[in-house]
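Colleague: I would like to learn how to read a fold from its coordinates. Could we take one example and go through it feature by feature?

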Amino acid sequence: MPRAPAALHPAYLLHRYDWSESSLILDLFTREHGRVAVAAKGAKRPYSQLRAVLLPFQRLNVSYGTRRSRNGADAESAEVQPLRAAEWAGGAAMPGGAALLTGFYLNELLMKLLARQDPHPALFDAYAHTLPALAGGDDTRIEAALRAFELVLLREIGLLPDLRVVTLTQQPLPAHEPHALRADTGLGPAAPGEPGLDAPRWAALQSALQAQDLAALQRACLPSLAELKGLLRGLLHYHLATPVLRTRQLMMELQNLSA
């Protein structure tokens, strides 16, 4: 009896590692299974059809993980699974310049904050819809897209508190007092000179997050881009246990060179 064709899964390539002279280990972000590692045998060979497909920021359809364990069952939980097929599923042209670095910043966040085999379909969709905004050349739109993605990421992995209440008391935010978002205590009154948002702006962000409306979330970020950049960066760096990400450091070095 012929074997049924392998199921194809939507995915994006986050990172690639050399495995041998001809093969690669790929870190993929898939909609159904989250972040998975696969072995792409022969992908580095000049005649391999995978060479033109396995590119970052391009939506892929992939099949993997049909290796058999000793008892005959599919080894779906294996740390590295064999890549069986990959095909281009459409998408915008590869970003360039600053947009390329910004895309790698998103990939670095996903690589460092997501556990393997932990699916986040809403985060996958947010990533897919954020990538086109990075290539538009509109700095304000790019900043809003980044802040919205960071909020979705933090919410999806359980690191973002309810933005309508003071975290320690669970009481509604006072209407006109700025509140800051901190890694250790959550949402609380902002200290003098500390960036913070008032209750209506926090509530707009929470409403868009709950509705899973990325466009509305980006619009809600627009009035508070400067404050959110500092607040979310502090939260991310705390949970990443590093003050500067590799892509951020590279961006700063390139900006210094151009200056």
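Predicted model: local features only at pLDDT ≥ 70, side-chain atom pairs only at ≥ 80, totals over all residues.

Colleague: How many helices and strands does the chain have, and what pattern do they follow along the sequence?

Modeller: The secondary structure amounts to 7 helices and 7 strands. In sequence order, the pattern is β-β-β-β-β-α-α-α-β-β-α-α-α-α.

Colleague: What share of the residues is buried?

Modeller: Of the 259 residues in the chain, 46% are buried. As for range, among contacts between residues at least 6 apart in sequence, 59% link residues at least 24 apart.

Colleague: Which residues of the largest nonpolar core touch the most other members?

Modeller: A nonpolar core is a set of buried nonpolar residues joined through side-chain atoms within 4.5 Å. Here the largest one has 52 residues, and Leu-110, Tyr-127, Trp-202, Leu-205 and Leu-217 touch the most other members. Elements that each supply at least two residues of this core include strand 1 (9–18), helix 2 (121–134), helix 4 (199–211) and helix 5 (214–221). Helix 3 gives the largest share, 9 residues. Another core, of 17 residues, lies apart from it, with Leu-50, Leu-54, Leu-83 and Ala-86 among them.

Colleague: What does Trp-202 touch, leaving out residues up to four places away in sequence?

Modeller: With those left out, its partners are Leu-163, Leu-173, His-179, Leu-181, Leu-187, Leu-197, Leu-228 and Leu-231.

Colleague: At what angle do the axes of helix 1 and helix 6 cross?

Modeller: They cross at roughly 45° and come within 11 Å. Helix 1 is therefore oblique to helix 6. The crossing of the two helices is left-handed.

Colleague: Which residues meet where helix 1 and helix 6 are in contact?

Modeller: From helix 1, Tyr-105, Leu-109, Lys-112 and Leu-113 meet Leu-236, His-239 and Leu-240 of helix 6. Sorted by class, this contact has 5 nonpolar, 1 polar and 1 charged residues.

Technical notes: Residues numbered from 1 in each chain as written. Heavy atoms only, no water. Buried < 20%, exposed > 50% of the residue type's maximum accessible area, 1.4 Å probe, protein only. Helix = DSSP H or I, 4+ residues; strand = E, 2+ residues; numbered from the N terminus. Contact = heavy atoms within 4.5 Å. Axes fitted to C-alpha atoms, helices over the stretch in contact; angles between N-to-C directions. Parallel < 35°, antiparallel > 145°, perpendicular 65-115°, else oblique. Left-handed = near helix turned anticlockwise from the far one by under 90°. Nonpolar A, V, L, I, M, F, W, Y, C, P; charged D, E, K, R; others polar.
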